[in-house]
Amino acid sequence: METPQSSFECDCQEDSISVASASDKFDKCCSLQQNLSSEICKQASVIPNKSYLPWHDYFMSLCYLTAARSKDPNTKVGACIVDKENRVVSLGYNGMPRGIKDDDLPWGKVAAHSYETKYPYVCHAEMNAILNERHAALDDCSIYVSKFPCCECAKLIIQAGIKKVVFSELKPEPWEEQVPTRKMFSLAGVTCRKFIPSLHQLNLNVTDGIGSVSITK
Ligand SMILES: [Zn+2]
């Protein structure tokens, strides 16, 4: 940088600066301004990061928030489909088929006959997320799911063109029951990995019309 030697104007009003020449004053003012700028930048880079929600945590948080809509008393699952530009394309949770009242079909897991349990009836979160999107193609999208997908949802995910699966929890079923899902994903070129949170805690509070989110990293 070229330092002015004769005429020097500075906005700095700091009287305590002792300068021997215009050049010294210029250097000192620049130094003060740089320190101030770096301090502002430091604050600007630190303060937002404390409340910054990374993409992966954001999408998985949407899964859990969406799962809270489920009427299933035992298992609540949420799914979130995201395109390549990190735009949320669709959301879904497990529930009874459209148009059927929540009380018209059983929610139990065990009964004398399988048709008296919830299993033949409930639409899984992945299915609803895929079918809820009617306008955009899901090719090359990612799906975030709060639980590991069953083999039926795995087939839907593959057929929809989704290429990436991120799941949070493994279901308590025997390991063998994961094999068909993992095998189909592998053969179809769908990557499947477990969600690794970067947040320690995320609290959402909406009461009395006032919402707040606190994030602990
Ligand atoms: Zn499923």
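Two residues are in contact if their C-beta atoms, placed from the backbone, lie within 7 Å. Keep that cut-off in mind for valine 82. Leaving aside neighbours within four places in sequence, valine 82 is in contact with Phe59, Arg87, Val88, Val89, Cys141, Ser142 and Tyr144.

**The model as a whole**

This is a predicted model. Its mean pLDDT is 82, and 76% of the residues reach 70 or more. Residues 1-23 have a pLDDT below 50. Beyond near neighbours in sequence, that stretch has 19 contacts in the model. Where pLDDT is low, the predicted coordinates should not be read in detail.

The protein has 5 helices and 7 strands. From the N terminus on, the elements run α-α-β-β-α-β-α-β-α-β-β-β. Of the 217 residues, 23% count as buried. Take the contacts with a separation of 6 or more: residues 24 or more positions apart account for 52% of them.

**The five-stranded sheet**

In what order do the strands of the open sheet lie? The order is S2-S1-S3-S4-S5, with mixed pairing. S2 and S5 (191-194) are the edge strands, and each pairs on one side only. From one strand to the next, the twist averages 15°.

S3 and S4 pair in the parallel sense over 5 bridges. Valine 145 stands opposite phenylalanine 167 in S4. Helix H2 lies across S1, S2, S3 and S4, and runs at about 140° to S1.

**The nonpolar core**

In soluble globular proteins, nonpolar side chains tend to be buried together. Here the largest nonpolar core holds 32 residues. Ala79, Cys80, Ile81, Ile143, Tyr144 and Val145 touch the most other members.

Look at tyrosine 144. Beyond its neighbours within four places in sequence, tyrosine 144 is in contact with Phe59, Met60, Cys63, Ala79, Cys80, Val82 and Val166.

Now return to valine 82, in strand S1. Is valine 82 buried or exposed? A residue is buried if 20 or more other C-beta atoms lie within 10 Å of its own. Valine 82 has 22 other C-beta atoms within 10 Å, so valine 82 is buried. Valine 82 and leucine 138 are 56 residues apart in sequence, yet 8.6 Å apart in space, C-alpha to C-alpha.

**Helix H4**

Which residues of H4 are buried? They are Cys153, Ala154, Ile157 and Ala160. Seen down the axis of H4, these buried residues fall within an arc of 130°, so they line one face of the helix. What covers them includes H3, S3, S4 and helix H5 (179-188). Just after H4, glycine 161 takes a positive phi of about 90°.

**The hairpin**

Strands of a sheet pair through backbone hydrogen bonds, either parallel or antiparallel. S6 (residues 201-207) and S7 run antiparallel, joined by 7 bridges. Glutamine 201 has threonine 216 in S7 as its bridge partner. S6 and S7 form a hairpin with 2 residues between them. In the turn, aspartate 208 has a positive phi of about 55°. How many residues of S7 are buried? The count is 0 among the 7 residues of S7 (residues 210-216), a strand that is hardly covered.

How values were computed:
Residues numbered from 1 in each chain as written. Predicted model: local features only at pLDDT ≥ 70, side-chain atom pairs only at ≥ 80, totals over all residues. Core = buried A, V, L, I, M, F, W, Y, C linked by C-beta atoms within 7 Å. Buried ≥ 20, exposed ≤ 12 C-beta atoms within 10 Å, placed from the backbone. Helix = DSSP H or I, 4+ residues; strand = E, 2+ residues; numbered from the N terminus. Arc of directions from axis to C-beta. pLDDT = per-residue confidence, 0-100. Pairing = 2+ DSSP bridges. Axes fitted to C-alpha atoms, helices over the stretch in contact; angles between N-to-C directions.
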